[in-house]
Amino acid sequence: MTESMSQRLSALALSILITSFLPHAPAFASEIAIDQTLLPVATQDLLRNDFEVIRGISVEDGGKYSEPFTQIFGGTSGEDVMRYLEERIHYMGADSGGGDKGIYAANYSPVFLTYIYSRDVRQSKNPKVTKMKFEDTTVAIDSPRTGFVVVGDAYTWPETSWIDRLDTLVHEARHSDCATIPDADDLTAYQKSQYLNISMEGRTCTHIHMPCPKGHPLAGELACDGHDWGAYTVGYVFSKTMYRSCVGCTEKQKQEALVTATDDFSRLFKDVQDRWLSGNAGTPDMRSVR
Amino acid sequence: MKRDFSRFSLFAAFAALVFFACYRFGFKIGFQHGLNIAQNEVPETNHVPTLPSVPPSPSASLTEAEKEDEIDLGLPSLHTYREQGTENPHQTPRVLIDFAHAIADHMEAAQNSKDEAKKLFSALEDCVQTAALPQARAICYVNEGRLTNEWREDQTLGFDTRYDKLRQELPEDVERLVQALE
């Protein structure tokens, strides 16, 4: 048995052990297709297991923590969270055919911006659509709701926490939302990697990340959000709610949820944090063009 | 010529001796400085910033025996956070998850034992005041709040006074994170 195989099996065993403490719902088939050819078996199993854990989530209703949770997921049950995921993730695939070492997870929906830039701004007669391999076929990313999410080896690493994986699924799903197609200026700025020039409205199409500001521990990395209700905010709400209201979580799981929520919130620009803390972030737009 | 050569050899030997002494002495000093930097943080540039003075934590006045009994939470380093965050920007850096586990390992005992609670509270207090990462400081403060709440009946511990005092001293970025977690 190779070391990586043994690590994957340990991760799976650990995950099953952890989730055995959580309330479980009966195993339902998910509408999210998992690549059974290109993804390692351990990753496929872990994903199925994670979906089942999500279905079993129970959040105490009525508290102040559950309000933004309900605004995002449409309710406080695990079924609500799964419905949110199933509307936004349709394929769980592998990057470059077999899971890149170290890659954690990514949603390919933002390449839709390149497609519409080519189609609408450059007015190309034959705009190039990114196609991803999925089992023995290909999937064209021609809509933000194509929902093609890839996972790599880091997803099954034993040190990757349970809550971080769930938080990531919720985070990646948010990249499939685009309420309004950005205008030509925003699309051009995106193509030129001039992210800070993109308007607030433009940023919400596939909820693209911004470079972290000066002074942030990840300054310069595309790992922060400069608009309200982006992918990091959604992850923060999910993890914070798990920390405050998870029924049946162990102390270790609560602490993992706490650090994940803290880290997510630290990825928001200062003005976004301000609006959130003062209650001026409004309500999330969960719609999307198709 | 032969005399010149022996004079040159003598000079060369002396120069080598001086060079060796300087090298050893200089290297030793440099190595010590390197260790000091590593214990704090690796600076991004050669400029070593002046750190703001931090009030001494209660642990500074402990005896040797008490210090041995202190809890080491293994505060996450800024350098490791940045390294791991750059490698996988979407993943919560593992250094924070390890830190969460270190706190969890002590929290259950601290909820049931006064002595353990005192030790953990001091370790968290130290973390709030000295951790390099704002996220770590906020996490420690939130956990202090949990301990304060857990032991609110026991006024001899003085957790609430220390907790309130720390709140006044939180930097703005840490205060925001704490508010977001309340």
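Predicted model: local features only at pLDDT ≥ 70, side-chain atom pairs only at ≥ 80, totals over all residues.
**Close-up 1. Helix α10 (residues 251-266) of chain A meets helix α8 (residues 172-181) of chain B, their axes coming within 10 Å and crossing at roughly 125 degrees.** The crossing of α10(A) and α8(B) is right-handed.

**Close-up 2. Residues in the contact of α10(A) with α8(B).** On the chain A side, α10(A) contributes A261(A), T262(A), F265(A) and S266(A). The partner residues from α8(B) are L177(B), A180(B) and L181(B). Classified by residue type, this contact of α10(A) with α8(B) comprises five nonpolar and two polar residues, with no charged residues.

**Close-up 3. Within chain B, the axes of helix α6 (residues 134-150) and helix α7 (residues 159-169) come within 9 Å.** The axes of α6(B) and α7(B) cross at roughly 155 degrees. Because angles over 145 degrees count as roughly antiparallel, α6(B) is described as roughly antiparallel to α7(B). The handedness of the crossing of α6(B) and α7(B) is left-handed.

**Close-up 4. Residues in the contact of α6(B) with α7(B).** Helix α6(B) supplies Y141(B), E144(B), G145(B), L147(B) and T148(B). From α7(B), the contact draws on F159(B), D160(B), Y163(B) and L166(B). The residues in this contact of α6(B) with α7(B) comprise five nonpolar, two polar and two charged.

Note on methods. Residues numbered from 1 in each chain as written. Chains lettered and ligands numbered in written order. Axes fitted to C-alpha atoms, helices over the stretch in contact; angles between N-to-C directions. Helix = DSSP H or I, 4+ residues; strand = E, 2+ residues; numbered from the N terminus. Parallel < 35°, antiparallel > 145°, perpendicular 65-115°, else oblique. Left-handed = near helix turned anticlockwise from the far one by under 90°. Contact = placed C-beta atoms within 7 Å. Nonpolar A, V, L, I, M, F, W, Y, C, P; charged D, E, K, R; others polar.
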